Amino acid sequence: MLRLLTFLQDGDFHSGEEIGSSLGVSRASVWKQIARLEKETGLSIERVRGNGYRLPASLSLLNENRLTEALAELGWQLHFSHRIDSTNAKALALLREQGRPPFVVLAEQQTAGRGRRGRQWVSPFGANLYFTHVLAVDGGARQLSGISLAVGVAVLRTLRALGLEGAGLKWPNDLLVGEKKIAGILLELAGDPAGECEVVVGVGINVNMQEAHGLIDQPWTSLAQELGMTIDRTELAVQLARNLNEVLARQCQYGFAAVKAEWEASHLWQGRLVKLSAGANETVGVVLGVDDQGALRLESNGLEQRFNGGELSLRLHE
Ligand code: BTN
């Protein structure tokens, strides 16, 4: 299946004969393999009599060899799959099977991608980045407080390096362009948070996605939509890994206080009037910033209040 996909990834027409002779199979078998590929990936492949087969748009597939080498430079191992339920779930399963951090789980497609607050993360084949990095932490609260915000800084650096100047952060760890979401972060913990534990850092970036078929229930965008070009997902993953390595090293050594200024400088809602909801409780206030633990500082009725992430949701109140 992968060889067929590698053939079609340029988005150009390829005749059944051409594909068949290069894969060493009959034209009838090409037809069957195309049907299987469509079923397994959800991709739709155009068939035009006289021209052959093509994908509706070119695909940037992940290059496993290149990724393995680049991650090895950081001392990280790669676990790569074409199709998986969730890279975070796989990372947690690997930890249970004695998998040793640091490692990365990457997939071309997630069938049950996890978002924050129990939401689903839409993860079509070959379109976006579904990236989970696992690191071991042994310092308890100082290293963990604000760590999800630090991850946001690393993701933002990666997006901006591609020229996406307009991207910014929304507390606690959404990445937006204007009001549209471009990336999300889901952290999960294994082990003892007060002592030795493993942090599962899940990052989803909308990369080359052009269409979500109404499956995303909030305004969204992708790198390809914003920049008007197809992005090399392998290089994006490499840059993300390098930025995570750098920012998380600083976070683990000095705590979030050392990352805070960079985070606040990119907070899109700094100084804005917001409504913070925690279940039925709502607080309206002006965003003052974050503290050294990554808690949100709101001025409400003349008083400063602080809020920690988790199940909180923040909206503009203007
Ligand atoms: C959010 O809701 O904003 C968080 C989305 C996190 C999605 C990523 S994709 C890679 C990793 N694996 C998952 O199942 N979820 C995270």
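In which helix is the place of Gln143? Gln143 is located in helix α6, which covers residues 141-144. The legends below describe a predicted model, in which local features need pLDDT of at least 70, side-chain atom pairs count only at pLDDT 80 or more, and totals for chains, interfaces and linings use all residues. Residues are numbered from 1 along each chain as its sequence is written, and side-chain values use heavy atoms, with hydrogens and water left out.

View 1. Helices (H or I, at least four residues) and strands (E, at least two) are DSSP runs, numbered from the N terminus. Gln143 is buried, with a relative accessible area of 16%; buried means under 20% relative accessible area, exposed over 50%, and partly exposed in between (1.4 Å probe, protein chains only). The side chain of Gln143 reaches the backbone oxygen of Cys252 at 3.2 Å. Leaving aside residues up to four places away in sequence, Gln143 touches Val137, Asp138, Gln251 and Cys252, where contact means heavy atoms within 4.5 Å.

**View 2. Cys197 and Cys252.** A search of the whole structure finds 0 disulfides, a disulfide being a pair of cysteine sulfur atoms within 2.5 Å. Cys197 is in no disulfide, and the nearest cysteine sulfur, that of Cys252, is 9.5 Å away. Cys252 likewise is in no disulfide. Cys197 is buried, with a relative accessible area of 2%, and Cys252 is buried with a value of 17%.

View 3. Of the 20 residues around the ligand, Ser86, Thr87, Arg114, Arg116 and Lys181 come nearest; a residue is counted as near if one of its heavy atoms lies within 4 Å. A polar contact is a pair of N or O atoms within 3.5 Å; within protein, one must be able to donate a hydrogen and the other to accept it, and residues adjacent in sequence count only if both atoms are side-chain atoms. A polar side-chain atom of Thr87 lies 2.9 Å from a nitrogen atom of the ligand. A polar backbone atom of Arg116 is 2.6 Å from an oxygen atom of the ligand. For Lys181, an N or O atom in the side chain is 2.6 Å from an oxygen atom of the ligand. Taken alone, the ligand exposes 420 Å², of which the protein buries 98% (Shrake-Rupley method, 1.4 Å probe).

**View 4. Composition of the shell around the ligand.** Helix α5 (87-96) and strands β5 (129-137), β8 (180-191) and β9 (197-205) each supply at least two residues of the shell. Strand β8 gives the most, with 4 residues. By class, the shell has 6 nonpolar, 10 polar and 4 charged residues. Ala, Val, Leu, Ile, Met, Phe, Trp, Tyr, Cys and Pro count as nonpolar, Asp, Glu, Lys and Arg as charged, and the others, Gly among them, as polar.

**View 5. Leu240 in helix α9.** Helix α9 spans residues 233-254 and contains Leu240, which counts as buried at 0% relative accessibility. Beyond residues up to four places away in sequence, Leu240 touches Leu129, Phe131, Ala154, Val155, Thr158, Val203 and Ile205. The C-alpha atoms of Leu240 and Val203 are separated by 9.4 Å, the two residues being 37 residues apart along the chain.

**View 6. Pro219 in the loop between β9 and α8.** Pro219 lies in the loop that connects β9 to α8 (223-227). Not counting residues up to four places away in sequence, Pro219 touches Glu179, Lys180 and Lys181. Between the C-alpha atoms of Pro219 and Val177, 42 residues apart along the chain, the separation is 10.0 Å.
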